[in-house]
Structures are given as structure tokens and as C-alpha cells.
Amino acid sequence: MSEPVRMTAVVSGRVQGVGFRWWTRRQALALGLRGSARNTDDGKVEVVAEGTREACERLHGLLEEFPSTSDRPGWVRFVSAPFWGVPREPDGFRER
């Protein structure tokens, strides 16, 4: 099993006020990830996920998938490349 990692990605498009953070939380928990999804002041959503690299990469793929096969709400214009780091979150997945 791989060592846990921390992935941060920023999603732009129509992703605020449409259930995108809730959808992200649901996908992350299904993949066994912990972390958060939060709105930023510039209309984007920052996603931080921790767990196996494979699960984080799967979540990143779901964030940018077009067309979405998982009924992703809103409209995604761009997802930043993942920034990788060391895990820090205690547990769970929060919408902030």
C-alpha cells in the first residue's frame, strides 16, 4: 500500500452555489479520502484531499472529467494540476 499524500487542486467555472462542494465531499468519502472543499473569494473551489495517491488521482480525474459520468453539478472550466504534499488533516471531509 502506498504512503498517504495530500493533494490540493483549484477548480474554476460555475462551481459555487450549485452543490459542487457537497458532490466533491461525497466523491472523496466514497474513495476513502479525507480533507475539505472550500469556496474561494474569486469564485473557485479549493479541494484538499488526503489518502492514497491513487484515490487522490481518481478524485482529480472526477473533478475534471468531461462529460461527467457522476452527475457533477455546475460547470467546470479548469482544474489546476495537483499540488502534492504531506498529509495534515485529522479525519473526515469538510465543506467549508
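**Entry 1: a pair in helix 2**

I looked up Glu 57 and Arg 53 and found that their side chains meet in a salt bridge, 3.2 Å from N to O. I took a salt bridge to be a side-chain nitrogen of Lys or Arg within 4 Å of a carboxyl oxygen of Asp or Glu. Side chains of opposite charge can pair when their charged atoms come close. Glu 57 and Arg 53 are four residues apart in helix 2 (residues 53-64), so about one helical turn separates them. For helices I used DSSP runs of H or I with at least four residues, for strands runs of E with at least two, both numbered from the N terminus.

I then checked how open the two residues are. Glu 57 is partly exposed, with a relative accessible area of 41%, and Arg 53 is partly exposed too, at 35%. My cut-offs were under 20% relative accessible area for buried, over 50% for exposed, and partly exposed in between (1.4 Å probe, protein chains only).

**Entry 2: where the values come from**

I noted that this is a predicted model, in which local features need pLDDT of at least 70 and side-chain atom pairs count only at pLDDT 80 or more, while totals for chains, interfaces and linings use all residues. Residues are numbered from 1 along each chain as its sequence is written, and side-chain values use heavy atoms, with hydrogens and water left out.

**Entry 3: a network across strands**

I counted five salt bridges by the rule above. Which residues are linked in a network of salt bridges? I found Arg 6, Arg 34 and Glu 50.

Arg 6 pairs with Glu 50, and their closest N and O atoms are 2.5 Å apart. Arg 6 lies in strand 1 (residues 5-14) and Glu 50 in strand 3 (residues 45-51), so this pair ties together parts that are 44 residues apart in sequence. Glu 50 also forms a salt bridge with Arg 34, with the closest N and O atoms 3.6 Å apart. Arg 34 is in strand 2 (residues 34-39), so its pairing with Glu 50 in strand 3 ties together parts that are 16 residues apart in sequence.

Are these residues buried or exposed? I read Arg 6 as buried at 10% relative accessibility, and Glu 50 as buried at 0%. Arg 34 counts as partly exposed, at 24%.

**Entry 4: Ser 36**

I moved along strand 2 to Ser 36. Ser 36 is buried, with a relative accessible area of 1%. Leaving out residues up to four places away in sequence, Ser 36 touches Glu 46, Val 47, Val 48, Phe 93, Arg 94 and Arg 96. I counted a contact when heavy atoms are within 4.5 Å.

**Entry 5: the whole chain**

I listed two helices and six strands in the protein chain. From the N terminus on, the order is β-α-β-β-α-β-β-β. The radius of gyration is 12 Å, close to the 12 Å that the globule rule gives for 96 residues, so the chain is as compact as a globular protein of that length. That radius is taken over C-alpha atoms, and the globule rule is 2.2 Å times the number of residues to the power 0.38. Along the principal axes, the C-alpha atoms fill a box of roughly 35 × 25 × 20 Å.

I noted that 43% of the 96 residues count as buried. Among contacts between residues at least 6 apart in sequence, 75% join residues at least 24 apart.
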